[in-house]
Amino acid sequence: MELENKTVVVTGSASGIGKALTERFVREGATVIASDRNAEAGEKEAGASGARFVAADVSHESGVQKLIEDVWANEGEIDLFCSNAGIAIGAGPESPDAQWRLIENVNVMSHVWAARHLLPRMLERGEGYLLNTASAAGLLTELHSAPYAVTKHAALAFAEWLAITYGDRGIKVSCLCPEGVWTPMIQNAPLLQQTAVTTDVLVEAVLEALSQEKFLITTHPTTLQSFQNKAQDYDNWIGKMRRLRTKAMSLLQGAALSGAGEKQA
Ligand SMILES: NC(=O)c1ccc[n+]([C@@H]2O[C@H](COP(=O)([O-])OP(=O)(O)OC[C@H]3O[C@@H](n4cnc5c(N)ncnc54)[C@H](O)[C@@H]3O)[C@@H](O)[C@H]2O)c1
């Protein structure tokens, strides 16, 4: 897909990856509708980049539906919908159900609701593009947060299913699976920071994949190497992940001792 003159929606646009995608899509000549639950930052960032802002909380279906209907009413058909808003919360099974439900809604169900409302019209037109942000955690894991690892696996599985089911009917699907990217989400994740790339690097990877209509978008060669290791020898891969987790925990403790806190991505 070429972006010039296309109508593009980006959720989670007030910060990080969504902000960078919005800015670049505008520069590529798209009409961009930027959306976030944070209306103040969202308005400011969208205004600076030349996008129109629509406030929406994608943790419930009506937020996603209203956003889509707003764009239909103001700009018309949506060529590319980027379900990018995401959160990183929770730890293990002890995390309260409310946290599991919230992260499931934001990281997975918002993709389902977007597809539910967009697909009928996209299928009627015989075209449409969904770019869903999952994470390398969807191919591998996230070492601190089970809800994050689980929901990103689910987001990848849903994107795969859409690509297989609707690919012959003109629907394109790409799934963005970055490792560490310098955004507020990893501000207290020292292990990810060691190899984090800038949002500029990520945006280039996205643009190239969109131009080739490629399903899987990664930012680090190590992601697919580790994914191959996992497929070849699962037990060996789990052993490596255990050792990496020990390293991640000691880096986190070091950061906590130096006052950086323990919020994770
Ligand atoms: N930064 C990384 O290293 C990294 C790596 C892999 C995947 N990701 C994924 O990329 C996406 C963007 O992350 P980021 O790094 O830019 O994080 P970020 O925290 O900088 O930005 C996330 C944005 O999503 C918005 N948001 C959160 N919940 C929302 C909701 N219910 N409704 C609407 N907007 C909501 C936030 O207000 C924020 O503006 C997420 O899905 C994240 O899981 C990030």
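In which sense do β1 and strand β2 (residues 31–36) pair, and over how many bridges?

A: β1 and β2 pair in the parallel sense, over five bridges. Two strands count as paired if DSSP finds at least two bridges between them. Strands are DSSP runs of E with at least two residues, helices are runs of H or I with at least four, and both are numbered from the N terminus. This is a predicted model: local features need pLDDT of at least 70, side-chain atom pairs count only at pLDDT 80 or more, and totals for chains, interfaces and linings use all residues. Residues are numbered from 1 along each chain as its sequence is written.

Start with the pairing itself. Thr7 has Thr31 in β2 as its bridge partner. Strand β1 covers residues 7–11, and four of its five residues are buried. Buried means that 20 or more other C-beta atoms, placed from the backbone, lie within 10 Å of the residue's own; 12 or fewer means exposed, and values in between mean partly exposed.

The segment before β1 holds Asn5. Asn5 is not a glycine, yet its phi is positive, about 65 degrees. Asn5 counts as exposed because it has 10 C-beta neighbours inside 10 Å.

Next, the core. Val8 and Val9 have the most contacts inside the largest nonpolar core, which has 69 residues. Such a core is a set of buried Ala, Val, Leu, Ile, Met, Phe, Trp, Tyr and Cys residues joined through C-beta atoms within 7 Å. Helix α4 (residues 97–125) gives the most to this core: nine residues. Beyond its neighbours within four places in sequence, Val9 is in contact with Ile33, Ser35, Leu67, Val71, Ile78, Phe81 and Cys82. Contact means that two C-beta atoms, placed from the backbone, lie within 7 Å.

Helix α1 holds Gly18. Gly18 is buried because 25 other C-beta atoms lie within 10 Å. Apart from neighbours within four places in sequence, the contacts of Gly18 are Val10, Thr11, Gly12, Ser13, Asn84 and Ala85. Gly18 and Thr31 are 13 residues apart along the chain, and their C-alpha atoms are separated by 15 Å.

Helix α1 (residues 16–27) also gives the largest share of the shell around the ligand, three residues. That shell has 29 residues, of which Gly12, Gly16, Gly86, Ser135 and Thr183 come nearest.

Now the whole sheet. It is open, has seven strands with parallel pairing, and runs in the order β3-β2-β1-β4-β5-β6-β7. β3 (52–55) and β7 (216–218) stand at the edges with a single partner strand each, so one side of each has no neighbour in the sheet. On average, neighbouring strands are turned by 20 degrees against each other, direction ignored.

Further along, strands β5 (residues 128–133) and β6 (residues 171–177) run parallel and are joined by six bridges. Leu130 stands opposite Val173 in β6. Helix α5 (residues 146–166) packs on the sheet, touches β5 and β6, and makes about 160 degrees with the direction of β6. Axes are lines fitted to C-alpha atoms, for helices over the stretch in contact, and angles run from 0 to 180 degrees between N-to-C directions. Both faces of β6 are covered. Ile171, Val173, Cys175 and Cys177 are buried on one side, and Lys172, Ser174 and Leu176 on the other.

Definitions and conventions
Near = placed C-beta within 6 Å.
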